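Here's a quick tour of a protein complex for someone just starting out.

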Amino acid sequence: MKLKLVLSASLLALAAAALPRMANAEVAPLDLVQPIADYKIYVSEHAEKLVADTKVFTDAVKAGDVDKAKSLFGSTRMSYEAIEPIAELFSDLDGSIDSRADDHEKAEKDPEFTGFHRIEYGLFSENSTKDLGPFADKLMADVTELNKRITDLTLPPEKVVGGAAVLMEEVAATKISGEEDRYSHTDLWDFKANFDGSRKIFDLVRPLVEKEDSAFVTKVSGNFDKVDTTLAKYKTADGYELYDKLTEDDRAVLAAAVNTLAEDLSTLRGKLGLN
Amino acid sequence: MTTNDNKLVTTRRNVLFGVGAAGSALTTGLTTARAAEKQGGQVTDAPVSDKTQERQSFYGLHQAGIVTPRPAAGMIASFHVLAKTPADVERLFRTLSSRIAFLMQGGTPPELDDKLPPADSGLLGPVIPPDNLTITVSLGSSFFDDRYWLAPHKPARLSRMKAFRNDALDADLCHGDLALQISSNTPDTNIHALRDVLKNLPDLMVLRWKQEGSVPVLPPKPDGTHESARNFLGFRDGSANPDANNAALMDKIVWVPENGAEPAWTRGGSYQAVRIIRNFVERWDRTPLGEQERIIGRKKATGAPHGGGSTEHDVPDYSKDPEGTITPLDAHIRLANFRTQASEANLILRRPFNYSNGVSKSGQLEQGLLFICYQADLEKGFITVQRQLDGEPLEEYIKPIGGGFFFTPPGPQDESDFVGRTLLEAAGHDVVRKS
Ligand code: HEM
């Protein structure tokens, strides 16, 4: 809890400077300090877990243990996906950790294609750890660096609050199609992490919105619940079913929930008086 | 909006812009976008059109966009519908209707706090012009099949489209619970409307596929007559369409009649068949003119039938040509309409758009016809005609890749009404007419 206190102190200064104009008279700038401090802890915990999980994952890759590495792929990514709006603030690292083949001109063959999806390609498409060693080392170095940068980061309130919607935009734009984890089809793990990350932000600021607009809060939680119920159908002992198991109907249910959450959460910043 | 308003707007526009007889511009559906001729215009000045205030009425026994003259830009968008309960389906129909009413009327969207996303995409500016927009709502077979309480009320002829002989259907371009046909003077107006609907109904509808299309614009003819636009094979398309201004004919061909096999709620509605038909245009352009004309059964330049006619409105007489020496027996128009007394039961009203989607993997143009037709009986109409066409020589140049069958419910009577109300009432759902 020491961390929290320190953060709160630094955020007080920040809040006073960055949050002068509040559209919503009921939300005072200082009201956001605690939720943002709590979110910082959430992000830090996930970044640390990402480092620990990536260590085990990349060790398996380097040891040539294809099966073990495959089984760890989905769960290792979850800590990254949950805090993606913050991780994305470092675009150099986001590119090297989480870019997809189609972000690169030469696709899978492009030397710039590194990170999770490059290793995923080797493991699942080529069923091998051959030549993956350097990618494993690079990924490990990148997530370690990410963790370090996050520790030093002062979270901009509008990025935090806006992050709830950003996560939904990510799912809506590229994940709902199953393009993200195209070799492993572990997309439902990513979904789960994205939704949890978005819900965390929403839950933290929820008390601030609730008094003004309880209908909004009910609607948004209802949609998060709908997503949870739908994803729960695909839960397995150690994670989630592969993406191709998702029925067309459930995919539509998820797509509609994502689109609705994206619409609703896009107003969250404004509701809290953030620009 | 009422017909009176409509006249008023038209008349005022005519006064302002000196368009000919009142209402004529409205019925031609032509868009004559005139570039600003003013000296000193800038490269990025907006092209100018005097048609942006053209307006169609959303209200009436029939939905707009069926016998409405086809404007320059069209789109079909197909959706997966999430509304399952009567209450949700009612909310879907009501919201859809109120958005359509607003968009077809035009107006100013609400202004929100600038810390919030704006209510409107803004792509048509702060005041939305009607621009001759129509949005026609239609329901697919699955809309009824997947809702047990609606299944007994499914239109008698509605089925899920099955592949015909020449089809190579792409599952991602087929079917849907609900289809919107959006047409207006410009593609931008259609896109604006689609984005508005998506933004307002994210929890009840998910977009599955869409296809946009266009109709080539012609200059007005000095004598005030009209001619059919051309499709991407370079032939006039629509010459032999039944006269959409003949209400009695439309009652026979297009609208579901009061008495018959159909449930009563469908009265005033129509069946919509949509087909995305790719044209192999490079190959077509390398085909001798005479062969092209034999395949279609008409002259390319004029659109006249073979055997002496001079205009597209001349009518071929197959009784004098039983061997097909004038119009080949397997010509497109001859197979599509035998022109016998019996074949009158198979007439359809076509309302297609040309589409162009980029380049195929083989480096050929991905373009073709967004074929849309309406009929009172899907079996006797599209399905029968397409079966007659199966095996036609034109097949070498076309490949149907998508589409679906839908039922277009009757229109809303007035502002207190909404599309789909008669269906909900038939299903025993209490609907309150709000005014
Ligand atoms: C890419 C595909 C198609 C092309 C390029 C095409 C082209 C044409 C052309 C050039 C005409 C003559 C002018 C006219 O009356 O409009 C015509 C007529 C016609 N077409 Fe098509 N058509 C296509 C698909 C279809 C389909 C799928 C149907 C229905 C199943 C259909 C039904 C008709 C009918 C009913 C006529 C009028 C025949 C008459 O009454 O003389 N067409 N088409």
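## Confidence first

Chain B has an average pLDDT of 91, with 91% of its residues scoring at least 70; pLDDT is the predictor's confidence in each residue, from 0 to 100. This is a predicted model, so local features need pLDDT of at least 70 and side-chain atom pairs count only at pLDDT 80 or more, while totals for chains, interfaces and linings use all residues. Residues are numbered from 1 along each chain as its sequence is written, chains are lettered from A and ligands numbered from 1 in the order in which they are written, and side-chain values use heavy atoms, with hydrogens and water left out.

**More on confidence**

- Residues 1-36 of chain B stay under 50 in pLDDT, and the model has 62 contacts for them beyond four places in sequence (contact means heavy atoms within 4.5 Å).
- Chain A averages a pLDDT of 89, and 91% of its residues score at least 70.
- Over residues 1-23 of chain A the pLDDT is below 50, and this stretch has 39 contacts beyond near neighbours in sequence.
- For the complex, the predictor gives an ipTM of 0.82 and a pTM of 0.88.

**The iron**

- Which protein residue is the donor to the iron atom of the ligand? The single one is His332(B), through NE2, 2.0 Å away (donors are N, O and S atoms within 2.8 Å of the metal, or 3.2 Å for Na, K and Ca; water is not among the atoms, so sites may look incomplete).
- His332(B) sits in helix α9 of chain B, residues 332-336 (helices are DSSP runs of H or I with at least four residues, strands are runs of E with at least two, and both are numbered from the N terminus).

**Helix α8 of chain A and α9(A)**

- α8(A) (residues 157-175) packs on α9(A) (residues 187-210) at about 155 degrees, with the axes 8 Å apart (axes are lines fitted to C-alpha atoms, for helices over the stretch in contact, and angles run from 0 to 180 degrees between N-to-C directions).
- The two helices, α8(A) and α9(A), are therefore roughly antiparallel (that label is for angles over 145 degrees; under 35 is roughly parallel, 65 to 115 roughly perpendicular and the rest oblique).
- Residues meeting here include Leu167(A) and Met168(A) from α8(A), and Phe191(A) and Phe195(A) from α9(A).
- By class, this contact of α8(A) with α9(A) has 10 nonpolar, 4 polar and 3 charged residues (Ala, Val, Leu, Ile, Met, Phe, Trp, Tyr, Cys and Pro count as nonpolar, Asp, Glu, Lys and Arg as charged, and the others, Gly among them, as polar).

**α8(A) and α11(A)**

- The axes of α8(A) and α11(A) (residues 248-265) come within 8 Å and cross at roughly 150 degrees.
- That makes α8(A) roughly antiparallel to α11(A).
- Among the residues in contact are Met168(A) of α8(A) and Leu261(A) of α11(A).
- The contact of α8(A) with α11(A) has 9 nonpolar, 1 polar and 1 charged residues.

**α3(A) and α5(A)**

- α3(A) (residues 66-82) and α5(A) (residues 91-98) pack at about 155 degrees, their axes 13 Å apart.
- That makes α3(A) roughly antiparallel to α5(A).
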